[in-house]
Protein chains: 2
Amino acid sequence: MSSTRDVIEEYCRTLEARDWDGFAAVLAEGVRYEIPQTGEVIEGREKYVRFNREYPGEWHIWPVRLVAEGEHAALWISFEVGGERVHGIGFFTVAGGLVREISDFWPEPYEPPAGREHLVTRAAVR
Amino acid sequence: MSSTRDVIEEYCRTLEARDWDGFAAVLAEGVRYEIPQTGEVIEGREKYVRFNREYPGEWHIWPVRLVAEGEHAALWISFEVGGERVHGIGFFTVAGGLVREISDFWPEPYEPPAGREHLVTRAAVR
C-alpha cells in the first residue's frame, strides 16, 4: 500500500499532467472535497475529477511543501493561472492508499492592519 | 529533544495561555515569521513574542489539525477574536526542539466563482 506521502505526490503529478484516469485512481469513490471559505462541498470521485478537469484557464501547480504523517497530509502549493500565482493549501485524509477528504484553502493577498509597523518588515507579497 | 509535534503542541498551549516565557522557550532566537499574503516578515524571538503579546482583542486559538513530519509541521487552527472565528494555517520548520520558521496564512471567506454549481453543494461557511 502506498504511503500517504506517495499518494499526495501522485495526486499532484496526475493533476498537473491532466492524467484524469491516474488522478481518479488516487481518490476514494466517496471522496469529500470542501472549501471552508465558500462553504462549497463536492462529494464523490466523479464530480471531483470533473471539477478539476473543468477548472477554467491555463493553470499549473507547483508544490511548495508537503507534510505527511499517518493518515494526514498538508500540502502547500503555488497555483498559477493566467500568469498569476496564488497560494493553495490542502489538508488531506488518506486511508488504504486513497484520498478520502480534502479541506482546501485559497488565501488571497490583503493589506496588513495598522499598529504593528514597529515589528515587521515588508517583503514582496508572494 | 522534543519531537516536532511536541514543540508545536507546546507552541499552541503557551500561546493560548499567554505564557510568554514558555512561548519564547519554544522559539529559536532567530525565528523568522512571515505572512505571504501581506509580505510581512518578523525576525527574531523578541519581536515575534511581542507581536503575539500585543495582538489586539480577546482572542483564542483552537487547533483543528496538526501534521508533523521530520523538521516540518502544518497547523490548522480556528482563531477566535471578538466573537468571530477565522481559519489560520501555519507551516513550521522545527530543529533542535525550537521553531525556526513560520509561514502563516489567514484565508478569508469569499463568494465562489460561477460555473461549478452543477458539482457543488453549499454548507455553512466556517
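1. Start in chain B. Glu16(B) and Arg18(B) pair through their side chains in a salt bridge, 3.8 Å from N to O. A salt bridge here is a side-chain nitrogen of Lys or Arg within 4 Å of a carboxyl oxygen of Asp or Glu. Glu16(B) is partly exposed at 28% relative accessibility. Arg18(B) is partly exposed too, with a relative accessible area of 28%. The cut-offs: buried is under 20% relative accessible area, exposed is over 50%, and partly exposed lies in between (1.4 Å probe, protein chains only).

2. A note on the basis. This is a predicted model, where local features need pLDDT of at least 70, side-chain atom pairs count only at pLDDT 80 or more, and totals for chains, interfaces and linings use all residues. Residues are numbered from 1 along each chain as its sequence is written, chains are lettered from A in the order in which they are written, and side-chain values use heavy atoms, without hydrogens and water.

3. Chain B has another such pair. Asp19(B) and Arg13(B) form a salt bridge at 3.9 Å, N to O. Asp19(B) is partly exposed at 27%. Arg13(B) is partly exposed at 45%.

4. Now look across the chains. Glu40(A) forms a salt bridge with Arg116(B), and their closest N and O atoms are 2.7 Å apart. Glu40(A) sits in strand E2 (residues 40-43) of chain A, while Arg116(B) is in the loop between strands E6 (98-105) and E7 (121-122) of chain B, so this pair joins two chains. Strands (E) are DSSP runs of at least two residues and are numbered from the N terminus.

5. How accessible are these two partners, buried or exposed? Glu40(A) is buried, at 3% relative accessibility. Arg116(B) is buried as well, at 10%.

6. Finally, the total. The count over all chains is 18 salt bridges.

Terms used. Helix = DSSP H or I, 4+ residues; strand = E, 2+ residues; numbered from the N terminus.
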